[in-house]
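Here are some notes to read alongside the model, written for someone opening it for the first time. Take them in order, with the viewer at hand.

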Amino acid sequence: MRKVCFIVCLLLGVTMLSAQHYVNPFFDEKGSARISTAEYSTSKDTIIKTFHRNEDVIWSRYIYRIIDMRQKQNYQLYFPVAPDDPDYRSLFRVILDAIEKGLPLYVKSSDPGDIKPYFDNDPMPNEMIPPILNTDRDGSLSDGNIATCEYMLLNYDSTTNAWRFNNFTYAGFIRNQYKYLIQEIVFFDRHTSRLHSKIMGIAPMQADNTTYFEGMNVIDALYGQILFWIAFDDLRPYLAQQFVIPSQNETKRVTFDEFFQKRLYTSYLVGEGNMYNRMLPDAKYGYTPADIKREQARIEKELLDFEQDLWEY
């Protein structure tokens, strides 16, 4: 009987040892660190979406912000500058890769004073995209001639239905491409009893060129710098597959999607939804820099006070 018990215990021990979880070492056989850098898991469960019932949202407000990558907190969206970095990509490079894979883009409004996105319209045809991603600012392509393709970041071949990426042009373009305009909706959900915010759209802004925008009204220049609009939910699957370049901690892995969902970036207000269809920098309405700062502070305070005023202490 003792022998039987001993054999059973021995078999149970062997089974437990074989069932132990495999420990993945940090260093490989060559002594290199096992750090995944290029892509995250492609599974769809990495994208988390919160469902909000229409009848529970009792208040909402559109806000327009600019993400300026010259601010230190946004450096991770700007770097690396090299287009062929083997480990990481900048946000703009991720967007270009997504365009090649079929990401739908939307043209901006034909009204120079209107910077809002219109996602109800049909997406932009592939043939329209290369001229928009034109790095030549002297107007030589104003006639729509696409033959001078050395100025374009992407070229579309309708015969082969394929995109061609221009590394040389990218290196010169990304050096000064450091702004994004986002449309954000802030809303109160009575089911969760708190204020939420969601990015609706993001628009890359072309590289600043003082000569090109010289003499323009500020709001017209802001409109002129918008390349196109992207529905943020269309972009999220691509953001979830790429890690942001780490800052001070090589083992901390954050995808672009996590970076945006956790609000790890910083931005500043340029407008809100209102009946006048005005943006804060619009000098046509007599806004001085001091007026703009006061308006920004007023809107931020209203958003902060709204949720606080719903409660009694």
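1. Is Lys 198 buried, exposed or partly exposed? With a relative accessible area of 33%, Lys 198 is partly exposed, because buried would need under 20% and exposed over 50%. Keep in mind throughout that this is a predicted model.

2. Staying with that lysine: Lys 198 sits in strand S5. Leaving aside neighbours within four places in sequence, Lys 198 is in contact with Gln 183, Glu 184, Ile 185, Phe 187, Asp 233 and Arg 263. With one of these, Asp 233, the Lys 198 side chain makes a polar contact of 3.2 Å. Lys 198 and Tyr 62 are 136 residues apart along the chain, yet their C-alpha atoms are separated by 9.8 Å.

3. Now zoom out. The protein has 313 residues, and buried ones make up 38% of them. Its secondary structure comes to nine helices and seven strands. Take the contacts between residues at least 6 apart in sequence: 67% of those join residues at least 24 apart.

4. On to the sheet. Five strands form an open sheet in the order S6-S5-S4-S1-S7, and the pairing is antiparallel. S6 (230-231) and S7 are at the edges with a single partner strand each, so one side of each has no neighbour in the sheet. S5 and S6 are joined in the antiparallel sense over two bridges, and Gly 201 has Ala 231 of S6 as its bridge partner.

5. Helix H9 (residues 289-309) is worth a look from the side and then down its axis. Ile 292, Glu 295, Ile 299 and Leu 303 of H9 are buried. They sit on the same side of H9, because they cover an arc of only 70 degrees around the axis. Strands S1 (57-68), S4 (179-189), S5 (194-205) and S7 (268-272) are among the elements covering these buried residues. On the face turned away from the buried side, H9 carries the exposed residues Lys 293, Arg 294, Lys 301, Leu 304 and Asp 309.

6. Phe 232, Leu 235, Arg 236 and Leu 239 are buried in H7. Those buried residues line one face of the helix, because they fall within an arc of 120 degrees. The cover over them includes H3, S5, S6 and H8.

7. Back at Phe 92, and not counting residues up to four places away in sequence, the residues it touches include Leu 133, Leu 153, Tyr 170, Phe 173 and Leu 227.

8. A loop to check: Asp 114 lies between helices H3 (91-100) and H4 (129-132). Asp 114 counts as buried because its relative accessibility is 6%. The Asp 114 side chain makes a polar contact of 2.4 Å with that of Tyr 118 and another of 3.5 Å with that of Ser 109.

9. At 46% relative accessibility, Ser 247 counts as partly exposed. Ser 247 and Gln 73 are 174 residues apart in sequence, with their C-alpha atoms 9.8 Å apart in space.

10. Most residues other than glycine have a negative phi, and most peptide bonds are trans. The bond from Phe 79 to Pro 80 is cis, with omega near 0 degrees, and Pro 80 lies in the loop between helix H2 (75-78) and H3. Asn 161 is not a glycine but has a positive phi of about 55 degrees; Asn 161 lies in the loop between S2 (154-157) and S3 (162-165) and is exposed, at 55% relative accessible area. Ser 193, not a glycine either, has a positive phi of about 60 degrees. Ser 193 lies in the loop between S4 and S5 and is partly exposed, with a relative accessible area of 29%.

Terms used
Residues numbered from 1 in each chain as written. Predicted model: local features only at pLDDT ≥ 70, side-chain atom pairs only at ≥ 80, totals over all residues. Heavy atoms only, no water. Helix = DSSP H or I, 4+ residues; strand = E, 2+ residues; numbered from the N terminus. Buried < 20%, exposed > 50% of the residue type's maximum accessible area, 1.4 Å probe, protein only. Polar contact = N/O pair within 3.5 Å; in protein donor to acceptor, adjacent residues only side chain to side chain. Arc of directions from axis to C-beta. Contact = heavy atoms within 4.5 Å. Pairing = 2+ DSSP bridges.
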